[in-house]
Amino acid sequence: MRNRSSYDPNEDAGVYAPPANATSRALTMGVIFGLIGVVLNVIINFLSVPAYANQAREASAGPWTYLALGLGCLALIINIVLCFIAGFITGKRIIVRRPAFWTGVVAVAIIYIASFLLRYIPGYPGNISGQQYSGQVAGGIAVELVILVIGCLFGGIFSQWGAIRATLNHPYYYGAEEEEEEEEGE
């Protein structure tokens with residue numbers, strides 16, 4: 001791949017053209033990184049079982065509470081980094097930045113929906129048990145959907161940021177900037 005200094009604006013622009021199936025590639029990357037995120041979240045959840053069990057025995061906040069909180073934050077940070085990496089790789093592979101947003105959205109949607117469904121498995125750490133009323137279920141689903149939408153937006157933003165970082169000096173965008181400057185100068 002050529003760098004910014006070796007870009008010749010007189011060359012054929014087709015050399016730097018993005019692939020025709022950029023959106024499908026971006027969505028595929030989102031699915032792949034979403035599944036990676038699900039596996040990592042399951043691993044972190046099973047590793048944190050002792051912390052959750054000891055936290056439940058304590059009457060007040062103690063070291064186990066902070067460890068459980070730290071493990072939850074670790075899972076969140078890992079998901080954010082996964083979205084950034086997914087966007088970076090998507091940006092490198094397909095050049096176009098816009099579909100990278102959907103890479104992050106798909107990845108977070110898969111991670112969040114899988115985490116939501118895993119909570120209903122009996123014996124799974126942190127599962128939901130007990131009887132719930134229909135009003136609680138409907139309210140819970142509404143809150144979960146709002147959190148899902150917000151999470152998908154943040155995942156898309158971090159993925160888009162990764163794609164921008166990956167294509168920062170790419171000739172496809174460098175040539176477009178030069179054309180804009182020439183049009184403004186005329």
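Trainee: What makes Cys-73 count as partly exposed?

Mentor: Its relative accessibility is 38%. Buried means under 20% relative accessible area, exposed over 50%, and partly exposed in between, with a 1.4 Å probe and protein chains only. So Cys-73, at 38%, counts as partly exposed. Before we go on: this is a predicted model, where local features need pLDDT of at least 70, side-chain atom pairs count only at pLDDT 80 or more, and totals for chains, interfaces and linings use all residues. Residues are numbered from 1 along each chain as its sequence is written, and side-chain values use heavy atoms, with hydrogens and water left out.

Trainee: And Cys-152, why is that one called buried?

Mentor: Cys-152 has a relative accessibility of 10%, so it counts as buried.

Trainee: How do you know that Cys-152 is too far from Cys-83 for a bond?

Mentor: A disulfide is a pair of cysteine sulfur atoms within 2.5 Å. The closest cysteine sulfur to that of Cys-152 is in Cys-83, 8.9 Å away, so that is too far for a bond. By this rule the count comes to zero disulfides.

Trainee: Why is Ile-44 called buried?

Mentor: Because its relative accessible area is 12%. Ile-44 sits in helix H1, residues 22-47 (helices are DSSP runs of H or I, at least four residues, numbered from the N terminus). Not counting residues up to four places away in sequence, Ile-44 touches Leu-71, Leu-74, Ala-75 and Ile-78, where contact means heavy atoms within 4.5 Å. Ile-44 and Leu-74 are 30 residues apart in sequence, yet 8.5 Å apart in space, C-alpha to C-alpha.

Trainee: Now the helix pairs. Why are H1 and H2 called oblique to each other?

Mentor: Their axes come within 4 Å and cross at roughly 45 degrees. Axes are lines fitted to C-alpha atoms, for helices over the stretch in contact, and angles run from 0 to 180 degrees between N-to-C directions. Under 35 degrees is roughly parallel, over 145 roughly antiparallel, 65 to 115 roughly perpendicular, and the rest oblique. H1 and H2 are therefore oblique.

Trainee: What makes H2 oblique to H3?

Mentor: Helix H2 (residues 49-57) and helix H3 (residues 63-94) pack at about 140 degrees, with their axes 8 Å apart. That angle makes H2 oblique to H3.

Trainee: Which residues meet there, in H2 and H3?

Mentor: Pro-50, Ala-51, Tyr-52, Asn-54 and Gln-55 in H2 meet Trp-64, Thr-65, Leu-67, Ala-68 and Leu-71 in H3.

Key: Helices (H or I, at least four residues) and strands (E, at least two) are DSSP runs, numbered from the N terminus.
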